[in-house]
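Morning, everyone. I have one structure to go through today. Here it is.

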Amino acid sequence: MFLEVKGLTKRFGGLLAVNQLDLTVNKGEIAGLIGPNGAGKTTTFNLITSVLQPTKGRVIFNGEDITYEKSHAIARKGIARTFQLNPLFGDFDVLQNVSTAFYISDTSNLFDMYFNTNKHRRNQKMIMEKSHEIIKMLGLEQVKNVLARNLPHGHQKMLGIARALAAEPQLLLLDEPIAGMNPDEVEAILKAINKIHEQGITVLVIEHNMMMMDICNRVIVMNFGQKIAEGTPQEIRDNEEVQSAYLGGV
Ligand SMILES: Nc1ncnc2c1ncn2[C@@H]1O[C@H](COP(=O)(O)OP(=O)(O)OP(=O)(O)O)[C@@H](O)[C@H]1O
Ligand SMILES: [Mg+2]
């Protein structure tokens, strides 16, 4: 099993934000995670990537228990993510935002950096080449020298994805990548996700938008911290429990 979440639980005071959640992601798929506001989707990502520690439960990745690993260690093991609130370095341009994200996987140590050793220079060169590849793949070439804070919303979201790709993940977790976008921006992001997937990266995406559901092989639905349904996009669309969860339980 590629990613396996078992009995995952997160309590915030009296609130069970995630409650005994079992979830699997298969290698090579695009899986969707949907559910009404407050269902526990972002908290689930935070638990998988150790931004938060669970109250109970386990996260297994490639057969290894990563529940209590640190976030940077999880990134090195191959899980990268974007954030709903998309933190970027506003005063850095696109290329700088992507290249700085590589340092997580840069093997230069401080000695190499300080003395500008050959190894450090080789790494720098490789980082710039890979950054350009990612920028090209995601269609950000035209704006590569624009400061992040001056980019339109769609490009900012794309840049968040580019930064996540710099960790060279096997599994990419995307938190609402097309929220608040215009149709052209949505199309660009969907195209980018398909390209990322074609490169062999597995994707788990949180999104309400039906256009995103349509590119998913499988959709998992959460409500009140629990999984309430799982199936193909069509099955999920036809599921009455899912429909009533989105309508607030009427
Ligand atoms: N750090 C926190 N402390 C206290 N409560 C929290 C914290 N993070 C999330 N919550 C609560 O946990 C519940 C689940 O939140 P979460 O952000 O996971 O929902 P979500 O499914 O991502 O919703 P949305 O679609 O609005 O992004 C909500 O009731 C939220 O208010
Ligand atoms: Mg959320």
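How are H6 and H7 oriented to each other: roughly parallel or roughly antiparallel? This is a predicted model, where local features need pLDDT of at least 70 and side-chain atom pairs pLDDT 80 or more, while totals for chains, interfaces and linings use all residues. Residues are numbered from 1 along each chain as its sequence is written, and side-chain values use heavy atoms, without hydrogens and water.

Back to the helices. H6 covers residues 153–165; H7 covers residues 183–198. Both are DSSP runs of H or I, at least four residues, numbered from the N terminus. Their packing angle is about 15°, and the axes lie 9 Å apart. H6 and H7 are therefore roughly parallel, a label for angles under 35 degrees.

Who touches whom? Contact means heavy atoms within 4.5 Å. H6 brings His153, Gly154, Lys157, Met158, Ile161 and Leu165; H7 answers with Glu185, Ala188, Ile189, Ala192 and Ile196. By class, that contact has 7 nonpolar, 2 polar and 2 charged residues. Gly counts as polar here, and Asp, Glu, Lys and Arg as charged.

Next, the cavity. On a 1 Å grid over the protein atoms alone, a cavity is where a 1.4 Å probe fits but cannot get out; lining residues have an atom within 4 Å of a point. The search finds 1 cavity of 30 Å³ or more. H6 gives the largest share, 3 residues.

Methods
Chains lettered and ligands numbered in written order. 1 Å grid on protein atoms, 1.4 Å probe; cavity = no way out; pocket = protein on both sides within 12 Å on 5 of 7 lines; lining within 4 Å. Points joined across faces, edges and corners; volume = space filled by probe spheres on them. Helix = DSSP H or I, 4+ residues; strand = E, 2+ residues; numbered from the N terminus. Axes fitted to C-alpha atoms, helices over the stretch in contact; angles between N-to-C directions. Parallel < 35°, antiparallel > 145°, perpendicular 65-115°, else oblique.
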